[in-house]
Amino acid sequence: MRLLDVFPPAPQAVRWLCYALLPLVPALLLREIGFGSRQARIASPDNVEADGEKPADAYVQLLPCIRSRRSVFPKSYVDRQVKPHVMKKLLEAAMWAPFHGPRPPWRFVVLGRKAMIDMQRMTLNFYDNNWRETPRFGDGTEAEYLSWRKRTEEEILGRWGPVSYMVAIVMQRQAGSKRMPEWEEAAAVACAVQNMHLQASAFPGVACYWSSWHAAARDSEDMRVFLGMGAEDKCLGYFIVAACEPTLKDFRERKPETHLSAEWRD
């Protein structure tokens with residue numbers, strides 16, 4: 001294609017100006033989509049300093065995200081649905097967690113409103129049939145159990161009513177000739193959950209926390225069947241995803257003196 005085909009007939013001075021600007025177009029396009037921007041330069045391996053460290057700005061960008069990650073509990077939830085695309089972003093973040101072995105050990109079962117109720121009723125049904133054998137009620141009376149059951153059933157539409165998703169956290173045991181130690185797989189799953197929690201901090205008004213759930217029901221055969229788990233898989237609890245006020249105050253405080261145990265050795 002000739003340049004005369006690109007630029008229609010125009011005064012000669014205008015055409016020569018267009019010819020002069022044409023080489024700049026690719027650079028301008030790259031700048032527009034992010035290449036060559038300050039953020040892209042910070043993230044680029046080519047911008048690592050001579051001593052192997054990235055510029056301080058790279059850490060400034062990351063730390064606010066880490067500090068914003070917090071557990072928000074049901075008393076702070078509001079009745080507003082977290083959109084499915086937000087939940088998908090959390091799962092996308094989870095899949096970038098580190099793991100050891102041929103495949104990642106995490107599996108997530110995302111329960112919506114109806115499935116959450118089904119899981120909680122399954123939990124109650126498990127305790128109805130087994131409460132005398134569980135450590136929680138082993139030495140208790142039937143009246144104590146029925147009191148707990150009443151409160152727990154009320155929580156289905158009360159405490160847990162505003163929740164958008166309960167995400168079952170499942171650790172899948174590796175199969176095959178090379179099996180990873182179980183603690184490595186549990187650690188990898190925890191990293192994936194942390195990634196979800198970190199990503200949630202990018203969405204104002206999204207509230208999350210990792211619930212261990214009711215231990216006996218969580219570890220039961222009933223839960224294994226409900227979640228479609230393998231014989232050696234383990235449910236590590238539920239990641240609760242709900243909505244809160246974007247202006248919810250954060251009263252946490254972290255100090256190296258009380259929240260960091262680190263020893264430096266030469």
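The buried residues of helix 6 are covered by several elements, including strand 2 (106-111), strand 3 (165-171), helix 9 (182-200), strand 4 (206-211) and strand 5 (234-244). The structure described here is a predicted model.

Helix 6 spans residues 84-94, and its buried residues are Val-86, Met-87, Leu-90, Ala-93 and Ala-94. Because these residues cover an arc of only 115 degrees around the axis, they lie on the same side of helix 6. His-85 and Lys-88, on the other side of the helix, are exposed. As a general point, an α-helix has 3.6 residues a turn, so residues three or four places apart point the same way.

Helix 5 comprises residues 56-68 and contains Leu-62. Together with Leu-63 and Ile-66, Leu-62 makes a nonpolar surface patch of about 250 Å². Leu-62 counts as partly exposed because its relative accessibility is 48%, a value between the limits of 20% for buried and 50% for exposed.

Confidence in the model is reported as pLDDT. The protein chain has an average pLDDT of 84, and 76% of the residues score at least 70.

| Stretch | pLDDT | Contacts beyond near neighbours in sequence |
|---|---|---|
| Residues 1-8 | below 50 | 8 contacts |
| Residues 13-50 | below 50 | 27 contacts |

Where pLDDT is low, the predicted coordinates should not be read in detail.

Definitions and conventions
Residues are numbered from 1 along each chain as its sequence is written. This is a predicted model: local features need pLDDT of at least 70, side-chain atom pairs count only at pLDDT 80 or more; totals for chains, interfaces and linings use all residues. Side-chain values use heavy atoms; hydrogens and water are left out. pLDDT is the predictor's confidence in each residue, from 0 to 100. Contact means heavy atoms within 4.5 Å. Patches are made of residues with over 30% relative accessible area and no salt bridge: like charges are joined within 9 Å, nonpolar side chains (Val, Leu, Ile, Met, Phe, Trp, Tyr) within 5 Å. Accessible areas come from the Shrake-Rupley method with a 1.4 Å probe; for residues, only the protein chains shown count as cover. A salt bridge is a side-chain nitrogen of Lys or Arg within 4 Å of a carboxyl oxygen of Asp or Glu. Helices (H or I, at least four residues) and strands (E, at least two) are DSSP runs, numbered from the N terminus. Buried means under 20% relative accessible area, exposed over 50%, partly exposed in between (1.4 Å probe, protein chains only). The arc is that of the directions from the helix axis to the C-beta atoms.
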